[in-house]
Each structure stands twice: as C-alpha cells, then as structure tokens.
Amino acid sequence: MFSQKNKDEIPNDENVKYALEHENLYQNKELCRLLMLDIENNDFKEKIDTDNLTIEHIMPQTLSNSWKQIISDEEHDKYVHTLGNLSITGYNSELSNKSFKEKKKLIKENSKIQILNQDVINQDSWTINNIKKRAIRLSRILLNKYYLSRITDPSIEFELVDKLSLSDLQRIKGRKPVSFTLQGANYTAKTFKQLLIEVVQLLDQDNPKILDSLIGFRFSERDISVQNPLIGRLPSSNQSGISEIRDGIYLYTHLSAVNILKELKLLFKFYNISEKDFTISVRKQ
C-alpha cells in the first residue's frame, strides 16, 4: 500500500491519507479487513461479531451490463479495490455482482454494518464520485483514531549515543554528531560543521552586536590552529571553507571536530554562557 524507500522511513500523515484514499487496499486482505472492522467497531463497547464477515466490493469485481452503463473499464480498474469501494458483509454470495439497487436493498434490510454503509444506503446510484467521497470519510476516521500528538522532549534520543561536553575534546575524535543541547533546548546536527553554524546563528539571534565585534578577530593559534579570522565580512569569490551566518558575515568552518569545540568554548565566553549549558550527543562507537 505504501512503498518505503529505505528501512528507516516512516510515512507521514499525507502519505497514509493518500494510500487509504487511492491505493489497492484489497491486495492485503488481512490488513483491509482489520481496518474496516476497526472503523465499524470504533471504540464502542458492543462489538460486531466478525467471525462470518468478509470483504465486499460495492462496485463488483466483474461488471455486469447495468454497471458498465455508469462505470468505464478504466475507472473500474482504478477504484474497484480502494477503500472507498469496500465494505464488510455476511452476505457476500448473495450480493455478488448484482446491480447497485439490489445490493443497496439487501444491505439496508439485512446488514448490521452501519458506519461503513451509511453513505452507501443513502445513494440512488454508485458512481466514482461516491467512491472518492466515501474514501475521504473513511480515511479521516482512521487518521483521527490513530493520530499521535507531536512529542518534543530533548531527553529522548532515537539512536545509541554518548553525551559529551566541551571538556571531552579527546573523545570527540572520529565521532559523528546526532544532536546538541544549548541552554535546555535540543537541536539536530548531523555534522560538526552544521553544529558550529547552527550554534553561532542561535547565539547571534540573541545578541547580534557580539558577532559584529568579533569580525576579523584572530583567536590564539594556541587555542585553534587556523591562520584565517574565524569571523569575517563578505569574502572573495575564490575563498573556500566558509559559511554564511547572516547577510555579509561569514564563518570559517574548515575545522576539525576538536577545533570546532575549541571555537565554541571561546565563543561561549563572549556570550557569557556556561559550558555546562551545552552538550553534544554523538553516536556510540
């Protein structure tokens, strides 16, 4: 129903919504039946006895002449196995490929399935437009039922990580960052270059004057073994190893992971931020 590009990918709400409304749900009969029973039973205390219920195609899998008058072969192929055209019933053999009028009469008089069939028994005919509208209604029921609110918690890590501080310079070598925490807020960073840029931009948002005052400042080579100023104005076009922090101000980023931590350590002094307010999560070795 949903094709994942890799083993770590999780479909978002729009992916799931599209699949429920447009894809061939019937190809996975167990899942199809489970979803429809879940729609019908919902959270009611009295559940429908499901033992003798099977999947029913409202527009049948094989079109009779009466159906062909309102449904083209192309439309039939596209929508016959989608959620909007499927229900559950204990009268599968009786319904078969009867006309919609006959199916509707049998369902209305005998079926206990209400939520799935409410927009079937109210129609005079069964068209592609009916199928599309019903798919939207049923998919909304499922999406609302299984909706999860976004959880933001800096303490949650989805990878095995070590948390390091600015005093762990030797432990940083050969490691890959996952995220960092600055003054209680958590941010994602997949490279040390990205980490450096984002931290400096966060600092600059709070107090732009400090970064302006550091333009052209040369940190001691004893601290950071680079000859270029770490922060400068618009560079020449052929200069490499730099990244823009904001309009006209650039940061020298061609640094090792250790030197990046050294630079942050010095910058935090200018911004009066304690080293204890900063940690890096790196993947376990």
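Biologist: How do helix α2 (residues 29-41) and helix α7 (residues 128-145) pack?

Modeller: In this predicted model, α2 and α7 pack at an angle of about 80°, and their axes are 10 Å apart.

Biologist: Why are α2 and α7 called roughly perpendicular to each other?

Modeller: Angles of 65 to 115 degrees count as roughly perpendicular. The angle here is about 80°, so α2 and α7 are roughly perpendicular to each other.

Biologist: Which residues meet where α2 and α7 are in contact?

Modeller: Leu 35, Asp 38 and Ile 39 of α2 meet Leu 138, Ile 141, Leu 142 and Lys 145 of α7. By class, five residues of this contact are nonpolar, two are charged and none is polar.

Biologist: How do you know that the span of helix α8 agrees with its number of residues?

Modeller: Helix α8 (residues 192-206) has 15 residues, which at 1.5 Å a residue should span 21 Å. Its end C-alpha atoms are 22 Å apart, so the two values agree.

Biologist: Which residues of α8 are buried?

Modeller: Buried means under 20% relative accessible area. Among the buried residues of α8 are Phe 192, Leu 195, Leu 196 and Asp 204.

Biologist: What makes β3 and β5 edge strands?

Modeller: The open sheet has the order β3-β9-β4-β5, with antiparallel pairing. Strands β3 (161-164) and β5 (185-188) each pair on one side only.

Biologist: Which strands of the sheet does α8 touch?

Modeller: α8 packs on the sheet and touches β4, β5 and β9 (278-283). The direction of α8 makes about 20° with that of β4.

Technical notes: Residues are numbered from 1 along each chain as its sequence is written. This is a predicted model: local features need pLDDT of at least 70, side-chain atom pairs count only at pLDDT 80 or more; totals for chains, interfaces and linings use all residues. Side-chain values use heavy atoms; hydrogens and water are left out. Helices (H or I, at least four residues) and strands (E, at least two) are DSSP runs, numbered from the N terminus. The expected span of a helix is 1.5 Å times one less than its number of residues. Buried means under 20% relative accessible area, exposed over 50%, partly exposed in between (1.4 Å probe, protein chains only). Axes are lines fitted to C-alpha atoms, for helices over the stretch in contact, and angles run from 0 to 180 degrees between N-to-C directions. Angles under 35 degrees count as roughly parallel, over 145 as roughly antiparallel, 65 to 115 as roughly perpendicular and the rest as oblique. Contact means heavy atoms within 4.5 Å. Ala, Val, Leu, Ile, Met, Phe, Trp, Tyr, Cys and Pro count as nonpolar, Asp, Glu, Lys and Arg as charged, and the others, Gly among them, as polar. Two strands pair if DSSP finds at least two bridges between them.
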